Amino acid sequence: MKAFILSDPGAADMLQLSDVEKPMIQPDQVLVQIKAISINPVDAKSRAGKGVYGRLKEIKPLILGWDISGIVSEVGTEVTDFKVGDEVFGMVNFPGHGRAYAEYVAAPASHLALKPDNISHEEAAAATLAALTAYQGLVQQAKVQAGQKVLIHAAAGGVGHFAVQIAKHLGAHVTGTSSAANKDLVLKLGADAHIDYRSVKFEEVVNDLDFVLETIGGDQIDRSLEVVKKGGTMISIPSGLSEQITEKAKAKDINGFFFLVQSSGEDMKIIAEWLEKGILKAHLSKTYSFEQMFEAHKHVETGRTVGKVVVVL
Ligand SMILES: NC(=O)c1ccc[n+]([C@@H]2O[C@H](COP(=O)([O-])OP(=O)(O)OC[C@H]3O[C@@H](n4cnc5c(N)ncnc54)[C@H](OP(=O)(O)O)[C@@H]3O)[C@@H](O)[C@H]2O)c1
């Protein structure tokens, strides 16, 4: 089968289209014929030797990619949830070896859910790592409640555009940040208010928030702490909090932390239900062919993705 191999970390052209053996499945796995793959900042970071590359670097051949939608073509002997022909989607083995930049992937059945019939493979693939991060962050980690005041940074991005929709579904009052060009999208996703971060300092217009999803890093982590109320929560997802920021959050009685999204078929089932009911919708920035993986990575690396970038097979 065709797959993109990463022999050494580096620029996007380090991804080499190669012929490799179709994977063999374990008893708890299914073989999925991939129809669509979504590309995240962590794909590009890991390809460049950052992100989760450290966990994967000993693996040969290293095949990046975690976010898939496709069709089950083989079922392991212990798998009871899926059968051959089922359309499934999910985030495979994150933060481990996903092997999803390929025509087929051997995926633990426990990382997948059935794809709703009323959405495409492209939309389904888009609603995996980014949607799981928003779901696990807002629902499981921060436990956002109805009536709470929430700020979502990079509300037009992969995680942010799902986070706005989920926060709204939970009944929160949602403010989203983006450039002016993406204001209409952020409001259409359900945000009650919008901040153009290029012309307004968010800390001058919001305060006393119950929850902030911090997606940018750098000094924005510290600035975000300033707008969370005592007892509130700030999750920063790019790369973790310094000891200094962790101490500062503690002193202000704010629950400030980093978390890393984890594969979960149970969580994917909830996302599938929300996609089916129209509570959640993936916004596709651009779709590339499998052979255009290089361009898809370059797109994600701009940091300007609106919604998700997807590769189709
Ligand atoms: N810890 C975890 O488990 C986890 C999971 C997923 C993602 N992440 C990390 O979280 C970060 C965000 O991921 P993502 O997939 O959402 O990224 P993304 O899709 O690449 O985000 C792109 C968006 O960021 C916006 N943006 C850029 N600078 C901004 C700023 N200063 N203020 C507000 N918006 C800004 C852009 O909007 P404009 O063009 O309008 O500026 C664009 O729409 C990445 O660092 C990623 O690696 C971590």
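**Reading the model step by step**

Mentor: Begin with one loop: proline 95 sits between strand 5 (87-91) and strand 6 (104-108). Keep in mind throughout that this is a predicted model.

Trainee: What kind of peptide bond joins phenylalanine 94 and proline 95?

Mentor: To read a peptide bond, look at its omega angle. The bond between phenylalanine 94 and proline 95 is cis, with omega about 10°. There is also a cis bond from lysine 60 to proline 61, where omega is near -10°. Proline 61 is in a loop too, the one between helix 2 (53-56) and strand 4 (67-75).

Trainee: Which value of phi does alanine 154 have?

Mentor: Alanine 154 is not a glycine, yet its phi is positive, about 50°. This alanine belongs to the loop between strand 8 (149-152) and helix 5 (158-169), and its relative accessible area of 27% makes it partly exposed. Aspartate 253 also has a positive phi, near 60°, without being a glycine. That aspartate is found in the loop between helix 8 (243-251) and strand 13 (255-257). With a relative accessible area of 42%, aspartate 253 is partly exposed.

Trainee: Next, the domains. How is the protein divided?

Mentor: Into domain 1 (2-127 + 283-312) and domain 2 (130-258). Note that domain 1 is written as two stretches of sequence. The centres of the two domains, taken over C-alpha atoms, are 28 Å apart. Domain 1 puts 11 residues into the contact and domain 2 puts in 13.

Trainee: How do I read the interface of domain 1 and domain 2?

Mentor: The size of an interface is often stated as the accessible area lost when the parts come together. Between domain 1 and domain 2 about 820 Å² is buried, and carbon and sulfur atoms give 57% of that. Then look at the pairs across the interface: there are 0 salt bridges and 4 residue pairs in polar contact.

Trainee: Where does the largest nonpolar core lie?

Mentor: First see which residues make it up. The core has 93 residues, and Ile39, Tyr101, Leu112, Leu213, Ile271 and Met293 have the most contacts inside it. Domain 1 and domain 2 both give residues to this core, so it lies between them. Apart from it there is another core, of 14 residues, including Ile195, Leu209, Ile221 and Leu225.

Trainee: What is leucine 213 in contact with?

Mentor: Set aside the neighbours within four places in sequence, then list the rest. For leucine 213 these are Leu138, Leu151, Ile152, His153, Val159, Ala163, Ile235 and Ile237.

Trainee: Is aspartate 267 buried or exposed?

Mentor: The cut-off for buried is under 20% relative accessible area. Aspartate 267 has 8%, so it is buried. This residue is in helix 9 (residues 265-277). Beyond its neighbours within four places in sequence, aspartate 267 is in contact with Leu132, Tyr135, Gln136 and Gln140.

Trainee: And asparagine 182, buried or exposed?

Mentor: Asparagine 182 is buried, with a relative accessible area of 18%. The residue is in the loop between strand 9 (173-178) and helix 6 (183-188). Not counting residues up to four places away in sequence, asparagine 182 touches Ala156 and Val306.

Terms used: Residues are numbered from 1 along each chain as its sequence is written. This is a predicted model: local features need pLDDT of at least 70, side-chain atom pairs count only at pLDDT 80 or more; totals for chains, interfaces and linings use all residues. Side-chain values use heavy atoms; hydrogens and water are left out. A nonpolar core is a set of buried Ala, Val, Leu, Ile, Met, Phe, Trp, Tyr and Cys residues joined through side-chain atoms within 4.5 Å. Buried means under 20% relative accessible area, exposed over 50%, partly exposed in between (1.4 Å probe, protein chains only). Domain bounds come from an automatic or database domain assignment. Contact means heavy atoms within 4.5 Å. Helices (H or I, at least four residues) and strands (E, at least two) are DSSP runs, numbered from the N terminus. Buried area is the accessible area (1.4 Å probe) that two parts lose on being put together, summed over both. A salt bridge is a side-chain nitrogen of Lys or Arg within 4 Å of a carboxyl oxygen of Asp or Glu. A polar contact is a pair of N or O atoms within 3.5 Å; within protein, one must be able to donate a hydrogen and the other to accept it, and residues adjacent in sequence count only if both atoms are side-chain atoms.
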